[in-house]
Amino acid sequence: MTKRILIVEDEDKIARFLELELVHEGYEVVKKYDGRSGLEAALSGGFSLMILDIMLPGINGLEVLRRLRKTSELPVIMLTARDQVMDKVNGLDMGADDYMTKPFAVEELLARIRLVLRKHAQGTESSVGSGHIHQVRNLVMDEAAHTVRYQGKEIQLTNKEFQLLRELMINCNVVLSRETILNNVWGYDYVGETNVVDVYVRFLRQKIDDAVGEKFILTVRGVGYVIKDEYHE
């Protein structure tokens with residue numbers, strides 16, 4: 001069955017270029033040029049993936065994504081001309097599956113589309129009954145309920161913070177490099193700044209380390225991050 005891809009991009013030349021490349025790869029393509037019509041198309045269903053620009057007329061791409069995620073898990077790859085870490089953090093944290101900065105090599109975009117589609121298909125197949133409980137000291141993560149509790153008190157985390165914490169907890173006492181975390185949490189061989197991991201670790205520390213008065217997430221200088229099963233001052 002031919003996969004349908006929705007392109008939401010206000011620059012006609014870029015949209016047309018992407019359409020030609022994707023059609024050549026065997027995808028069916030629908031183009032929209034503003035946020036509102038793009039959101040309506042995405043919510044109508046029938047698409048396998050959306051390529052979403054951030055800078056759009058009407059409703060910007062981040063707002064489109066925020067509204068979409070209320071009811072849909074449609075895979076989304078975001079595009080932007082801005083190369084700022086917080087733009088990436090905001091997009092990924094709102095539920096984007098991947099992120100590319102213009103200009104980009106179309107071969108890389110095509111590879112990431114294939115990977116996102118493959119991961120989404122695998123996630124759909126394995127979503128039933130996949131919950132697990134992870135515990136390090138008094139911190140308990142329930143994957144099925146998507147909750148994290150410390151001594152019974154729930155700690156509110158965003159989806160990406162939850163995924164990062166899970167990666168650290170299931171690898172308790174193992175130092176993970178930033179590259180490993182990016183590959184496992186963001187789901188691809190990341191090309192670009194690795195300090196997006198540092199940003200998320202800081203977010204987690206504000207919610208966990210500071211709240212409970214224990215250092216759960218440790219920095220191993222020059223290597224990466226680790227959670228240990230023993231208390232550290």
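Q: How far apart are the closest N and O atoms in the salt bridge that Glu 154 forms with Arg 149?
A: Keep in mind that this is a predicted model. Glu 154 sits at 31% relative accessible area, so it counts as partly exposed, and Arg 149 is partly exposed too, at 36%. The two pair up in a salt bridge whose closest N and O atoms are separated by 3.6 Å.

Q: How many residues apart in the chain are Lys 102 and Asp 53?
A: Their closest N and O atoms are 3.4 Å apart, in a salt bridge. Lys 102 belongs to the loop between strand S5 (98-101) and helix H5 (106-126), while Asp 53 belongs to strand S3 (residues 49-53). The bridge therefore links distant parts of the chain, with a separation of 49 residues.

Q: Is Asp 53 buried or exposed?
A: The cut-off for buried is under 20% relative accessible area. Asp 53 has a value of 2%, so Asp 53 is buried.

Q: What is the omega of the cis peptide bond that joins Lys 102 and Pro 103?
A: Pro 103 is found in the loop between S5 and H5. The peptide bond from Lys 102 to Pro 103 is cis, and its omega is about -5°.

Q: What separates Arg 66 and Glu 63 in helix H3?
A: The side chains of Arg 66 and Glu 63 meet in a salt bridge, with 2.6 Å from N to O. Arg 66 is partly exposed at 36% relative accessibility, and Glu 63 is partly exposed at 21%. Both belong to helix H3 (residues 61-68) and are three residues apart, so what lies between them is about one helical turn.

Q: Are H2 and H3 roughly parallel or roughly antiparallel?
A: The axes of helix H2 (residues 35-44) and H3 come within 10 Å and cross at roughly 25°. Angles under 35 degrees count as roughly parallel. H2 and H3 are therefore roughly parallel.

Q: How do the residues of the contact of H2 with H3 divide by class?
A: On the H2 side you have Gly 35, Arg 36, Leu 39, Ala 42 and Leu 43, and they meet Val 64, Arg 67 and Leu 68 in H3. Sorted by class, the contact comes to five nonpolar, one polar and two charged.

Q: What is the orientation of H6 and H7 to each other?
A: Helix H6 (residues 159-170) packs with helix H7 (residues 178-186), their axes being 10 Å apart and the angle about 120°. H6 passes H7 in a right-handed crossing. At that angle, H6 and H7 are therefore oblique.

Q: Which residues of H7 make the contact with H6?
A: H6 brings Lys 160, Gln 163, Leu 164, Glu 167 and Leu 168 to the contact. By class, the contact as a whole has five nonpolar, two polar and two charged residues. From H7 come Ile 181, Asn 184, Val 185 and Trp 186.

Q: How far apart are the C-alpha atoms of Met 78 and Met 100?
A: Met 78 is part of strand S4 (residues 76-80) and is buried, at 0% relative accessibility. Leaving aside neighbours within four places in sequence, Met 78 has contacts that include Leu 52, Leu 62, Tyr 99 and Met 100. Along the chain, Met 78 and Met 100 are 22 residues apart, but their C-alpha atoms are separated by 6.2 Å.

Q: Which residues does Cys 172 touch, not counting those up to four places away in sequence?
A: Cys 172 lies in the loop between H6 and strand S10 (176-177) and counts as partly exposed at 23% relative accessibility. Cys 172 and Val 136 are 36 residues apart in sequence, with 7.6 Å from C-alpha to C-alpha. The residues touched are Val 136, Ile 227, Lys 228 and Asp 229.

Q: What is the phi of His 146?
A: His 146 lies in the loop between S7 and strand S8 (147-150), and is partly exposed at 38% relative accessibility. The phi is positive even though this residue is not a glycine, with a value near 55°.

Methods:
Residues are numbered from 1 along each chain as its sequence is written. This is a predicted model: local features need pLDDT of at least 70, side-chain atom pairs count only at pLDDT 80 or more; totals for chains, interfaces and linings use all residues. Side-chain values use heavy atoms; hydrogens and water are left out. Axes are lines fitted to C-alpha atoms, for helices over the stretch in contact, and angles run from 0 to 180 degrees between N-to-C directions. Helices (H or I, at least four residues) and strands (E, at least two) are DSSP runs, numbered from the N terminus. Angles under 35 degrees count as roughly parallel, over 145 as roughly antiparallel, 65 to 115 as roughly perpendicular and the rest as oblique. A crossing is left-handed if the near helix is turned anticlockwise from the far one by less than a right angle, and right-handed if clockwise. Contact means heavy atoms within 4.5 Å. Ala, Val, Leu, Ile, Met, Phe, Trp, Tyr, Cys and Pro count as nonpolar, Asp, Glu, Lys and Arg as charged, and the others, Gly among them, as polar. A salt bridge is a side-chain nitrogen of Lys or Arg within 4 Å of a carboxyl oxygen of Asp or Glu. Buried means under 20% relative accessible area, exposed over 50%, partly exposed in between (1.4 Å probe, protein chains only).
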